[in-house]
Every structure is written in structure tokens, then in C-alpha cells.
Amino acid sequence: MCDSSSVDLVVSACPGHGLSNDAEALLRRQEHVVAERLSGPDRQRNTPVRRRRTAARLLGLAGTGIALVVSLTGCSVDDIFYFGWPKGGITQHSQRMFDMWIGSAIAALVVGVFVWALIFWCVVRYRKRGEELPPQTRYNLPIELLYSVAPFLVISVLFYYTAIIQTDVNKIPENPDVTISVTAFKWNWEFSYDGQNGPGGVPVSTVGSSDYIPVLVVPVNKTIVFKLHAEDVIHSFWVPEILFKRDVFPGNVVNKFAITVEQTGPYVGRCAELCGTYHSMMNFELRAVTPEQYEKFITAKKAGKTTPEALAAAGFSGKDLYATTTVPFETKRDANTAS
Ligand SMILES: [Cu+2]
């Protein structure tokens with residue numbers, strides 16, 4: 001192969017070409033630049049040393065990215081495997097919802113890893129190697145059928161499990177063990193036990209105020225139906241540990257839902273709908289107790305006892321006579337300073 005450049009050929013073929021020294025130098029410079037662009041980078045790109053450096057740089061970038069994702073989420077190692085879902089929950093429904101979430105996250109990860117692998121494989125395998133346009137592929141019927149059918153299958157499976165579990169979660173038993181009417185108002189709660197009347201036929205209830213957190217006492221392993229109604233604006237009944245919330249509407253709307261609590265203990269409850277100035281302080285406590293403790297509590301309330309007295313009758317004492325998961329808010333009505 002001849003190493004002579006085009007300029008050399010012109011100069012040697014035409015001694016009287018008439019080019020000045022400057023023009024000849026300029027042409028040689030341009031020719032050199034074009035030759036560098038067309039062949040120089042490709043030769044460099046294909047050297048083993050350059051390939052190793054590129055691979056090391058990519059590995060470093062991937063490692064840094066993974067470290068950033070893990071550290072910036074602020075999750076503990078345990079939480080990583082919940083994929084953003086709160087732990088288990090305390091009702092029979094919450095475990096099923098948790099299982100569905102984990103299953104969906106794993107399925108999404110499998111699809112995601114497959115797609116990422118395909119993308120990176122294409123990026124590396126078919127990277128640009130020259131100016132020549134690679135073969136263009138289109139109208140590949142099997143591949144296009146796969147593109148159409150695979151997402152449909154994924155959606156169908158997710159829809160099936162969502163419909164089954166949602167229907168089960170929303171089911172209202174015909175004869176629940178306990179029915180509780182929940183009344184939400186700015187900015188507190190009243191819980192009234194249907195069919196349980198105190199002195200004078202007044203329904204047994206617990207109610208909150210500016211300086212008292214209402215305690216909603218429920219028995220474990222019994223079906224409980226909640227009937228939700230608001231006196232003023234839209235609120236939302238939410239106990240994070242039951243992994244469920246439902247809006248509470250004023251007017252003629254009475255929303256219902258049913259749960260069976262499986263673990264005793266105190267759990268904070270909140271309003272989850274922005275309902276006004278003190279919305280964030282509209283809390284209550286769900287106190288899940290044994291059926292025996294529940295019976296003692298209701299019996300004491302029916303006898304006209306206060307909620308702390310009834311909790312004492314159920315075996316609680318000290319600070320457990322009041323809510324332990326949240327405290328009444330400070331209204332600061334007398335203060336003229338910003339809070
Ligand atoms: Cu509210």
C-alpha cells in the first residue's frame with residue numbers, strides 16, 4: 001500500500017503546480033486532520049489497554065451509582081428487602097397486601113434486570129465502529145409480537161392479584177363481632193360502640209378534645225366493622241399499622257370497612273386528609289386488647305366510667321390509662337409568638 005499522500009502525488013506529478021508553500025502546508029495539515037478523524041480514534045479505541053480502561057471506568061461508575069442509591073435512600077439493611085413497604089402490619093389483610101407488594105416488586109425487578117441487560121448488551125455490542133451505517137432491521141414479526149404480548153401478560157397477572165386481594169380487603173362481614181361508628185370533626189374523633197349503651201341509654205363512646213387523645217379500644221381476633229362519618233369536612237381514617245386508610249365524608253355518605261386485628265398493643269391513628277389548621281394534630285390511638293380485656297372495658301363504660309377508669313378495669317395502669325403513642329397538641333391560644 002502506498003504511503004504517499006494526495007498532496008505528495010499532486011506535487012510530484014505536477015512540478016509546476018503553482019501552489020505556494022503556505023497553501024501546500026495548509027493542504028497537508030487538512031489532510032492530516034482528516035486522516036486522524038477517520039482512522040486514528042478507531043485504532044486507539046480498539047487497543048486492549050483502552051478497552052481495559054473503559055471497562056474499569058464503567059465498573060467504577062456502576063459501583064458509585066449503587067453505593068449512592070443505597071446510602072441516599074436512608075434505609076436500614078432490613079428495610080431494603082421490604083422494597084418501600086412498611087413491615088408486615090397487624091391485621092389479617094395486611095400480610096396479604098405485603099405478599100402482593102413483595103411479589104410485584106420481585107417481578108418488576110426480574111423484568112427490569114432483563115431489560116437493563118439487553119440495553120447494556122446493545123450499547124456495548126453494537127457501539128459505533130466507523131462511519132458506515134449498520135444494517136437496519138425492521139418488520140420483525142416475532143419480535144414485535146413479543147413486544148405486544150409480554151406487557152399484556154404482565155398487566156394481566158398484576159390485575160388478577162390486585163382484584164382478588166382488593167375484593168377481599170373491601171369485604172364487609174354480615175355479622176361482625178364488633179361495630180364501631182367513627183365520627184370525625186375538626187379536629188378530633190369520637191368512637192361509638194354500636195349496641196352498647198350506658199346510663200340513660202347513651203351509646204358507649206370515647207371522644208377526644210384539645211387536651212385528651214381518644215383511645216379506640218378493640219379486641220384482637222374478632223371481626224370489627226367501622227362506619228365512618230364526618231360532621232364538617234372530609235377527613236381520612238388511617239392507622240399506619242393496619243396498612244389501610246379510608247376517607248370520612250360529611251353528608252349522607254357512610255363509608256365502611258372491616259378488619260381483624262391479630263396483635264395486641266397500642267398503635268397511633270391519624271387523619272390522612274388535609275382538613276384544616278390543626279389537621280396534623282388530629283390523632284387517636286388504636287388499643288388492641290384481648291377479648292377478655294375488651295369485655296371488661298365495655299362493661300365499665302356501660303356502668304358510666306370514664307375511658308381511663310374503664311382501661312383500669314381492663315387491667316391497665318399508670319401511663320397506659322391514656323394514649324401512649326401520641327400526645328395532645330399545644331394550641332398556644334394564649335401565645336402571641338409564632339409557633
Ligand atoms: Cu381531619
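Student: What are the ground rules here?
Tutor: Residues are numbered from 1 along each chain as its sequence is written. As the model is predicted, local features need pLDDT of at least 70 and side-chain atom pairs count only at pLDDT 80 or more, while totals for chains, interfaces and linings use all residues.

Student: Why are H5 and H6 called roughly antiparallel?
Tutor: Helix H5 (residues 92-125) and helix H6 (residues 141-170) pack at about 170 degrees, with axes 10 Å apart. Angles over 145 degrees count as roughly antiparallel, under 35 as roughly parallel, 65 to 115 as roughly perpendicular and the rest as oblique. H5 and H6 are therefore roughly antiparallel.

Student: What makes S10 count as mostly covered?
Tutor: A residue is buried if 20 or more other C-beta atoms, placed from the backbone, lie within 10 Å of its own; 12 or fewer makes it exposed, and values in between partly exposed. In S10, seven of seven residues are buried. Asn283, Glu285, Arg287 and Val289 lie on one side, Phe284, Leu286 and Ala288 on the other.

Student: How do you know that S10 pairs with S4 and with strand S9 (residues 265-271)?
Tutor: Pairing requires at least two DSSP bridges between two strands. Five bridges join S4 to S10, running parallel, and six join S9 to S10, running antiparallel. Both pairs therefore meet the requirement of at least two bridges. Pro219 stands opposite Val289 in S10, and Pro266 has Arg287 as its bridge partner there.

Technical notes. Axes are lines fitted to C-alpha atoms, for helices over the stretch in contact, and angles run from 0 to 180 degrees between N-to-C directions. Helices (H or I, at least four residues) and strands (E, at least two) are DSSP runs, numbered from the N terminus.
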